[in-house]
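Start with the structure below.

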Amino acid sequence: MTMRFFNGTPIYRTADVRAVETAAASAPAPPQLMEMAGLAAAEIARDVSGGTGKPVLVLAGPGNNGGDAFVLARHLKQWYYKVSVVFAGDASKLSPDASAALRAWRAAGGTIVEALPGTQEWGLVVDGIFGIGLEREVTGRNAEWIAAVNHLRVPVLALDVPSGLQSDTGRVMGAAIRATHTVTFIALKPGLITLDGPDHCGDLHVRALGLDTQKIRAPTGFVIGPEVLDGVLAPRALNSHKGDYGSVGIVGGDHGMVGAALLAGRAALKLGSGRVYVGLLARDAQSVDPGQPELMLRTADEVLKLGHLSCLAVGPGLGQMPDAAFYLGVALESGLPLVLDADALNLIAADTRLAETVRARPAPTLLTPHPAEAARLLGTSTRELQNDRVAAATTLAARLNALVVLKGAGSVCASPDGTWHINTSGNPGMASAGMGDVLTGIIAALFAQGAEPKTAFLAGVYLHGAAADRAVTEGAGTIGLTASETVNAARALLNRR
């Protein structure tokens, strides 16, 4: 999947898109959105088909997505493409706009059939079966069509959203088209860039159809793009010293999990923190990190008593023994910016008093759960949580009065004020041990160096994924990428900003 969206690109859920459409339709001279969408899609189809001379197969569904498909087919036919349209629906039940699009297709000499043609070799398939807002499982003939298209070795252009993909959540509703390109109309939708969306959309194209969407309806969701790194940290003065760049305290590393705390410490050090103290719970822990001797290894108690820390991070390798809960409680009572990960989150999920302490903290608090940890915090199942990642992240942020990054494909970053962002960097190589520890260290380093908390949060999430992307580009590969390899890549990217 190829995505390149500017930082702050708005994202709209279905209800918001519907509101924009309604507002546009009530204007004194309402735009012909279906005609505009069909033409925009036809132009992309023309580029994607590559001029092979092979015919184009257009699948038109029973809703307005089908109407867009009829308009696209008409334009391609007028441009001398051979077009076959398969229509899955009752023409008498089409909306007025879709019905008009079907009549215009027929007036242009087009025909429709009800079954997929047999052994034809296609140059392009256009998916216009289902659009946004799908809430039911795809079954029967539509599921069969989707399966057939997914077995073809040809480019597939999805209109608005790949059929079968829930546009708000990225859930596959039983079956979904795997497109090579998706053109989405009016605004970007969250389901295209989180959960299963990135595996089904291919290259994404957004066409606003001439609407000033943000003027019509203010967005609450946004993309995190590379520009988030611009200005996240002020340029360093020549006349400066390590104390100017903050001190990070990391608490974790119980028996058998010391490496997690060291990974977080190494990331914090290499992302610019002036000093990094790693407070280890393991009684037999080493006193020096041979791979990074600049780290100052102490006991957890010693680190939490330091008076000059700029930021705390608790959780990497913390464990869930009584000592872990005690030290977490001490950290929560501090007035420092705090990053919470891993077992710190599990302890909070199991103790309402800790959760209330998190909620009441006046200092910035950031939670970095993966789906299972977030589900425990919300008292639900991982499966249920993944059904709507945006809703889960925003609920958790409001409930705990904290910044929250719900990790995964298209990590969702939520703030207590109800705004949310989806990250566009990263790759499957990040599904490996220690990646979350590195993220914790990156964000802690940005906090410690004085970055505004929300900016540090968003920039850290983007930088983490971008570092993994860079490592893959430089030959590490998605298979076998390690957390350690992303640290140096993150440092290089931060220094290029």
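Axes here are lines fitted to C-alpha atoms, for helices over the stretch in contact, and angles run from 0 to 180 degrees between N-to-C directions. Helices (H or I, at least four residues) and strands (E, at least two) are DSSP runs, numbered from the N terminus. The model is predicted: local features need pLDDT of at least 70, side-chain atom pairs pLDDT 80 or more, while totals for chains, interfaces and linings use all residues. Residues are numbered from 1 along each chain, and side-chain values use heavy atoms, without hydrogens or water.

H16 (residues 435-448) packs against H18 (residues 483-496) at about 30°, with axes 9 Å apart. H16 is therefore roughly parallel to H18 (angles under 35 degrees). In contact (heavy atoms within 4.5 Å), Met435, Val438, Ile442 and Leu446 of H16 meet Ala483, Thr486, Val487, Ala490 and Leu494 of H18.

## Nonpolar cores

A nonpolar core is a set of buried Ala, Val, Leu, Ile, Met, Phe, Trp, Tyr and Cys residues joined through side-chain atoms within 4.5 Å. Buried means under 20% relative accessible area (1.4 Å probe, protein chains only).

The largest core has 95 residues, and Leu72 and Leu340 have the most contacts inside it. Helix H2 (residues 33-49) gives the most to this core: eight residues. A second, separate core has 59 residues, among them Cys311 and Leu439.

## Helix H13

Six of the eight residues of H13 (residues 371-378) are buried. They are Pro371, Glu373, Ala374, Ala375, Leu377 and Leu378. Their cover includes helix H11 (343-349) and strand S15 (365-367). Just after H13, Gly379 has a positive phi of about 70°.

Key. Buried < 20%, exposed > 50% of the residue type's maximum accessible area, 1.4 Å probe, protein only. Parallel < 35°, antiparallel > 145°, perpendicular 65-115°, else oblique.
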